[in-house]
Amino acid sequence: MVNMKTGIAALTLALYAGQAAAAELTIDRGKKQQIIEGFGMFGGADVWWSSSEAVLDQAWTHQVIDDLGISMWRNEYYPDASAAAPQDADWAKQRPVVELLSKYAAERKVPLKVLLTIWSPPAGDKCLGAEATGWDKCAKSPPERPANTKGGNIIDPGQRDAYAAWLVKGLKLYRDSGVDVYGLSIQNEPLFWQGYNSCFYEQGYYADTLAIVGSKIKAEFPQVKLFGAENMLGIECGAGATGDAFDNYWYTAAIMNNPGAAAVVDAYAVHGYVDGVTASPTSKLAKLWSSFQDGIAKTGKPAWMTETSGYFHEWPGTAARPGGLDLAQAMYAALSFGHLTAWVYWQGSGKDALNEYSLMQGTTPGKNYYVAKQFYRYIRPGARMVEVTSSDPGVLAVAFEHEAMQSFTVVALNTTDKPQSLDLTGTSLPSEYEAIRTSGTEDAKSLGKVSGKGLSLPAKSVTTFVNGNVYEHLAANLGTGGSGTGGSGAGGTNGSGATTGVGGTNGASTGATGSGAINGAAASSSTSSDAASDDSGCGCRTAPRQGGGLRSALAALLGFALVAGRRRSRHR
C-alpha cells in the first residue's frame with residue numbers, strides 16, 4: 001500500500017521539477033558601457049500650431065520634469081514668418097515655454113539638455129529644386145527662390161554662410177534667455193520633401209554643408225554639440241541580403257567620409273522609423289542597432305535616437321498596431337545593442353487627442369507615457385550602462401549605475417505570455433530595490449521594496465528595480481554640466497561596490513551587448529493599415545549609386561509618397 005504522505009510529497013517534487021527555473025540576469029559591473037546623456041521628447045504642452053496659451057502650462061512643465069523625468073528636450077527653430085511663408089510658431093510663442101521648462105528643471109537640479117533641429121532654412125537661403133532639374137535653379141542668375149519654406153527644395157550653396165549666421169542668431173536667442181543649447185541639427189530628415197517645412201540634401205552635399213556651417217557655429221558656440229543627419233535607422237542600416245546591415249551609401253557614411261564634417265559632428269543621430277512615420281519592426285531592431293553601432297564605432301562618437309513614434313497606447317500591441325510593450329522593446333534594443341546615449345520621443349503632448357504620435361494628452365498620460373517613465377525617471381543623465389546577460393531569451397534587461405547619485409537601476413522586460421520568476425546575480429549588487437511596474441493592468445505602479453531574488457515578472461510586463469537616489473534635487477553637490485555627471489554627492493543608499501569614473505561620453509561598444517534577441521512575437525509591421533492620405537508624394541530624390549544604379553532599398557524609398565499624408569499628424 002502506498003503511503004499517502006509520501007505519495008503527495010513525490011507528486012509535489014515531480015510538479016516542481018517540471019517547472020522552468022527562474023530566469024537569471026547576470027550583471028557584470030566591471031564591464032562598463034555608454035554614459036547616458038538624456039531621455040526626452042519634442043515640443044510644448046500642445047502642438048506648436050496651436051495657441052500660445054495652449055503650449056504653455058505650468059502643471060505640464062512640473063509633470064514632465066518631476067514625474068515623467070525628461071532630461072532632454074527637442075525643439076524646432078523656425079524661420080521668420082511672412083505673408084507668403086507663415087510659420088507654426090515664432091520665438092515670441094516659444095520663449096515662455098523654453099524659459100519655464102528650463103527654469104523649473106534648474107530648480108529641480110535636472111541637467112535638462114535642449115536640442116534644436118531645423119526643418120527648413122529661411123526661404124531666402126533656398127533654391128527651387130525638383131527631381132528633373134536638380135541644382136539648375138541655384139545656378140541661375142539670380143537663383144530662383146521658393147515663395148516659402150515648405151515643400152522641400154534645396155539650400156543654395158552660395159547662401160550657406162548666411163544660413164550659418166541665421167543658426168548662430170537662434171543660439172543667441174536661447175543664450176540671451178539664459179539657456180545654453182546642448183545640441184543642434186542642421187536638418188531634420190534630409191531625404192524627404194514634404195508639404196510642411198522641409199529641405200532636401202543629397203548625401204555628399206549634406207556633409208559639405210555640415211562641414212561649412214558647423215565650423216562657423218563652433219567658432220561662436222564651441223560647446224554646442226552638432227548631431228545628424230537624423231535620417232531613418234531603417235534606411236541607414238538597410239543594406240545586405242536581409243536589409244539590416246550598415247549602408248555606406250547614406251548620410252552617416254557621408255559624414256564620416258568627409259573630413260570637415262567628421263571633425264565638427266559630435267553625435268550620429270537617426271530616427272527610429274522605417275519611412276519617417278512607421279516604427280521600425282521590433283523583431284529587427286536588435287540587428288539594426290548593432291549594425292549602426294558597428295558602423296560608427298571607429299569614430300568614438302555616441303549614437304543618438306532623436307525622434308520616433310507610431311506606438312499606439314495599447315497593451316501589448318499587435319503587428320499592425322505596435323503598442324506599449326513594443327516601445328519598451330525598442331528602447332531596450334537601442335540601449336543594449338545600439339549603445340545609445342540619448343533617446344527622444346516625438347511629440348510629448350497634444351491636447352486634442354491621445355494618439356500614437358504623443359506620450360500624453362495635455363497632462364493626461366497615455367500607456368506609452370508610463371513605458372517611457374520606466375526608463376526616463378530611473379535612468380538619469382550620467383548613469384553608465386553595465387553588461388547584463390539573461391538566461392531566458394524572453395526576459396530582456398538593461399542595468400545602469402550612477403556613481404554621483406549613488407544609484408543602481410535595472411529595467412527588465414518579460415516579453416513572454418507567462419509569468420516569470422527572476423533572480424539578479426553578480427558581484428557588488430544591491431540587496432534591496434524599489435520596484436515599479438507597467439503591464440496590461442498597471443501604470444508605473446510602485447510595488448514597494450523587494451530583494452534581488454525570486455522577483456516576479458508578470459506576462460508581458462516592464463519592471464524597473466531601483467536602489468538609491470534618482471532625484472537630482474535630493475543629491476548633494478551633484479554636478480550637472482556636460483553629460484550630466486560630476487560631483488560626489490550622496491542621496492539615498494547604495495549597496496554597490498565597484499564604482500566608475502564618468503568622464504566624456506562615448507557611444508562605442510565595449511564588452512558584450514546584453515541579453516537575447518528581441519521577441520519577434522510582438523513585431524511591428526513596416527506598413528500600416530490606417531494610411532488615410534490627402535497629401536501629394538514627397539518627391540524624394542537622391543544621387544544614383546556608382547557602378548550599377550539603385551538597390552531595392554532605394555526603390556522602396558521612392559514609394560514613401562504613399563505614407564506622406566499620414567505625416568501631417570506628426571508635423572505641419
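A salt bridge, defined as a side-chain nitrogen of Lys or Arg within 4 Å of a carboxyl oxygen of Asp or Glu, joins the side chains of K351 and D57, with an N to O distance of 3.7 Å. K351 lies in the loop between β11 (342-349) and β12 (358-361), and D57 in the loop between α2 (52-55) and α3 (58-68), so the pair ties together parts that are 294 residues apart in sequence. Helices (H or I, at least four residues) and strands (E, at least two) are DSSP runs, numbered from the N terminus. The model is predicted, and local features need pLDDT of at least 70, side-chain atom pairs count only at pLDDT 80 or more, and totals for chains, interfaces and linings use all residues. Residues are numbered from 1 along each chain as its sequence is written, and side-chain values use heavy atoms, with hydrogens and water left out.

The structure holds 20 salt bridges in total. A further pair is formed by E442 and R437, at 2.9 Å between the closest N and O atoms. E442 is buried, with a relative accessible area of 10% (buried means under 20%, exposed over 50%, partly exposed in between; 1.4 Å probe, protein chains only). R437 is likewise buried, at 12%. R29, K32 and E401 are linked in a network of salt bridges.
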